[in-house]
Amino acid sequence: MHGELMRRGRVSAALKVVHVREDLQFDGDMLRIVALADTHGRPHPKLGPRIAELAPARIFHAGDVGDLVVLRDLERHARVTAVRGNIDGRDLPDFVTIDVRNDRGTLLKILLTHLAVYGPKLRSDVARIARADDASLVVCGHSHVPFAAHDKGITVFNPGSVGPRRFQLPIVFGVIEVTARGASVRHIDCETGLSWTP
């Protein structure tokens, strides 16, 4: 599961929206990505060991990082792709489209952003961006509510929050596994290390 990253970016002057594109290539049978969000500068203390157990090729952070030192700490486990949340500064892009490829071509395109849904429904502006980039999976954050759903022909995956607990919501993160046959998503309870089901 070795990857190589190439970045291409564009800034829309009118909206000041930054959309970056990355190619993620791997040469094995399966690519494992850890997806997380809403650390708010204070990730759960067990997050590092949980990520180390999974040995991902990449980590996606879907915004509300809170402090960029969080991303530097995550880099000890794997390369990190992150987007800006509503509490973050302008150091991060608003959208990243990741083209997951092997030697035969594109296996999956993923759109990473912070704000993507109204309730359980994909926002129409985000669906437009996903379709324009041919992304079939949107990874998002913001609500702290972990879920996986299909809307407008696109899979939407919120890994939940691994930052300070909000209300009675669990402290969870996500795993995306990509093979030549497709992709799967699941949640892991950060506190117990066990699978978590919405």
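This is a predicted model: local features need pLDDT of at least 70, side-chain atom pairs count only at pLDDT 80 or more; totals for chains, interfaces and linings use all residues.

1. Residues are numbered from 1 along each chain as its sequence is written, and side-chain values use heavy atoms, with hydrogens and water left out.

2. The structure holds zero disulfides (a disulfide being a pair of cysteine sulfur atoms within 2.5 Å). The sulfur of Cys140 lies 19 Å from the closest cysteine sulfur, that of Cys190, which is too far for a bond. Cys140 is buried, its relative accessible area being 0%, and Cys190 is buried with a relative accessible area of 0% (buried means under 20% relative accessible area, with a 1.4 Å probe and protein chains only).

3. In helix 1 (residues 47-54), the residues Leu47, Arg50, Ile51 and Leu54 are buried; helices here are DSSP runs of H or I with at least four residues, and strands are runs of E with at least two, numbered from the N terminus. These residues cover an arc of only 95° around the axis, and therefore sit on the same side of helix 1, the arc being that of the directions from the helix axis to the C-beta atoms.

4. The largest nonpolar core has 22 residues, and those with the most contacts inside it include Leu31, Ile98 and Val139; such a core is a set of buried Ala, Val, Leu, Ile, Met, Phe, Trp, Tyr and Cys residues joined through side-chain atoms within 4.5 Å. Apart from it lies another core, of 20 residues, among them Ile51 and Phe173.

Definitions and conventions
Buried means under 20% relative accessible area, exposed over 50%, partly exposed in between (1.4 Å probe, protein chains only).
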